[in-house]
Amino acid sequence: MMYKSLVSISDYTKDEYLHILKLAAEFEKNPVQDILKDKVIASLFFEPSTRTRLSFESAINRLGGRVIGFSDSNSSSVTKGETLKDTIKIVSSYCDLIVMRHPLEGSAKYASEVATVPVVNAGDGANQHPTQTLLDMYSIMKTQGHLENLNIFMVGDLKYGRTVHSLLMAMSQFNATFYFISPPELKMPDEYKDHLNKLGLKFFEHRDFTEIIDKADIIYMTRVQKERFSDPIEYEKTKNAYVLRNIMLKNTKHNLRVLHPLPRVNEINVDVDDNEKAYYFTQALNGVFVRQAIIASILTLKSK
Amino acid sequence: MKDKKQLQVNAIKDGTVIDHIPAKNLFKVISILGLDKIETLITFGTNLESKKLGSKAIIKIADIFFRDEEINKISLVAPDAKLNIIKDYEVIEKKVVAVPDNIIGITKCFNPKCITNNEPVKTKFHVMSKKDVTLKCHYCEKVMDPEQFVII
């Protein structure tokens, strides 16, 4: 379908999102195939991210591909002062596709411009992490049966959380209604609210979600980090308002599912884990199928 | 008392006059156009009275005529600038600057964690609003407004 890099969630159109999600469903049915048999994929992790790296490497291995690369920049020539450009140029000639995680923002875009092979962004600083967004969308699609007209609750750190920003941008193409639940310090930035206003989409802002939780189709939890607060007393006062407990799910919709990009600390109480509405562990597994779909689609390979 | 109008900066025979530059951005305009590196006669005046800008600057450059894409670069710091093209002491053409769709080079990205501030990468921005000149970094996707521009 396309021979291009995936750097930012806005690189894909609505049809392309749906194409990837459809392909991911095919890989979920048949996750072990040999379609990457002759392919070498570079996995360049300039900063450690065990979860994302293992998910990518599992996706590649299950499709029969070979992985080369490094899992943190200490074991690469970056320590010798090599520029990103040179590293990418050289690695390009060793592989068919590059998966890259880098602490600097915009590094993936730049890499995609100097590389001679497609680049998949596995996170560039606080900027973009498009494969996470696609796996979030896949999880929504799978649990709701569709993506249109959903009530999506985003809870916790909505100011700095890149996952909620990307998910908002993607789901805004599917007529979602958004509920933003956060402390005032960590509210959804204006640029995203402006984006929704421009599209004529509804959104509501709340400080607490116990009253409105019965409207939710999806609850997307994020971690409220203590370091984000200038006033530690304010943190102590507000932190419990953003913890999801099993009892809160009592009168919620039957189709409601709780998502979380993980790692979780205490924002979802462990008593939620056994509730059928808890979906975050399966969500992580979906990441493998979605990454299989992204790699296969970029390399124009078909699922068997 | 009679209103006395006088020229505060001498006229040039042939060349370009750039008027209505905000006084505080005069040296940025000079640096963007590379006027510090050319050898023809340049005169400029600054902190001149302006009804519109409060205080303005004017630059007169002898024997130099700019291409549009070159002059449009100054729209980042002097969006209201007006150009007079002079031939034989006469104004033969008047121009205004236009904000381009993309800005390459000229300003740094204000995000210290942007790749362009950490590797030798030429900056590139997409103009989000031409009215108040807000720029979105092509690389890190952060949006900045004119107060955050640092001219390279």
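**Note on a two-chain predicted model**

1. Of the 152 residues of chain B, 30% count as buried. A residue is buried if 20 or more other C-beta atoms lie within 10 Å of its own, exposed if 12 or fewer, and partly exposed in between, with C-beta atoms placed from the backbone. For chain A, 44% of the 304 residues count as buried.

2. Ground rules. This is a predicted model, in which local features need pLDDT of at least 70, side-chain atom pairs count only at pLDDT 80 or more, and totals for chains, interfaces and linings use all residues. Residues are numbered from 1 along each chain as its sequence is written, while chains are lettered from A and ligands numbered from 1 in the order in which they are written.

3. Confidence. The model scores ipTM 0.86 and pTM 0.86. Chain B averages a pLDDT of 89, and 94% of its residues score at least 70. The pLDDT is the predictor's confidence in each residue, from 0 to 100.

4. Chain A overall. Its secondary structure comes to nine helices and nine strands. Helices (H or I, at least four residues) and strands (E, at least two) are DSSP runs, numbered from the N terminus. The radius of gyration of chain A is 20 Å, close to the 19 Å of the globule rule for 304 residues, so chain A is as compact as a globular protein of that length. That radius is taken over C-alpha atoms, and the globule rule is 2.2 Å times the number of residues to the power 0.38. The C-alpha trace of chain A spans about 55 × 45 × 40 Å along its principal axes.

5. Contacts within chain A. Two residues are in contact if their C-beta atoms, placed from the backbone, lie within 7 Å. Among contacts in chain A between residues at least 6 apart in sequence, 75% join residues at least 24 apart.

6. Domains of chain A. Chain A is divided into domain 1 (9-128 + 287-298) and domain 2 (131-284). These bounds come from an automatic or database domain assignment. The C-alpha centres of the two domains of chain A lie 27 Å apart. Here 17 residues of domain 1 are in contact with 15 residues of domain 2. On the domain 1 side, α1 (14-29), β4 (119-124) and α9 (280-298) of chain A each supply at least two residues. α1(A) gives the most, with five residues. By class, that side has 10 nonpolar, four polar and three charged residues. Ala, Val, Leu, Ile, Met, Phe, Trp, Tyr, Cys and Pro count as nonpolar, Asp, Glu, Lys and Arg as charged, and the others, Gly among them, as polar.

7. Helix α7 of chain A. This helix covers residues 190-199; of its 10 residues the number buried is zero, so α7(A) lies largely in the open. Gly200(A) follows α7(A), and its phi is positive, near 70 degrees.

8. Chain B overall. The secondary structure comes to two helices and nine strands. Along the sequence the pattern is β-α-β-β-α-β-β-β-β-β-β. The C-alpha trace of chain B spans about 55 × 35 × 20 Å along its principal axes. In chain B, residues 24 or more positions apart account for 61% of the contacts with a separation of 6 or more.

9. Domains of chain B. Chain B is divided into domain 1 (15-96) and domain 2 (102-148). Their centres, taken over C-alpha atoms, are separated by 24 Å. Four residues of domain 1 of chain B are in contact with four residues of domain 2 of chain B. The domain 1 side has three nonpolar, no polar and one charged residues.

10. A sheet in chain B. Four strands form an open sheet in the order β6-β7-β8-β9, with antiparallel pairing. Two strands pair if DSSP finds at least two bridges between them. β6 (102-104) and β9 (143-144) of chain B stand at the edges with a single partner strand each, so one side of each is left without a neighbour in the sheet. Strand β8 (residues 134-137) of chain B pairs with β9(B) over two bridges, in the antiparallel sense. Lys136(B) stands opposite Val143(B) in β9(B).

11. The A–B interface. 13 residues of chain A are in contact with 15 residues of chain B. On the chain A side, α3 (84-92) and α4 (107-114) are the elements that give two or more residues. α4(A) gives the most, with three residues. The chain A side divides into three nonpolar, six polar and four charged residues.

12. Thr116(B). This residue is in the loop between β6 and β7 (124-129) of chain B. Thr116(B) counts as buried, because it has 23 C-beta neighbours inside 10 Å. Not counting residues up to four places away in sequence, Thr116(B) touches Gly106(A), Cys109(B), Val121(B), Thr123(B) and Tyr139(B). Thr116(B) and Cys140(B) are 24 residues apart in sequence and 8.6 Å apart in space, C-alpha to C-alpha.
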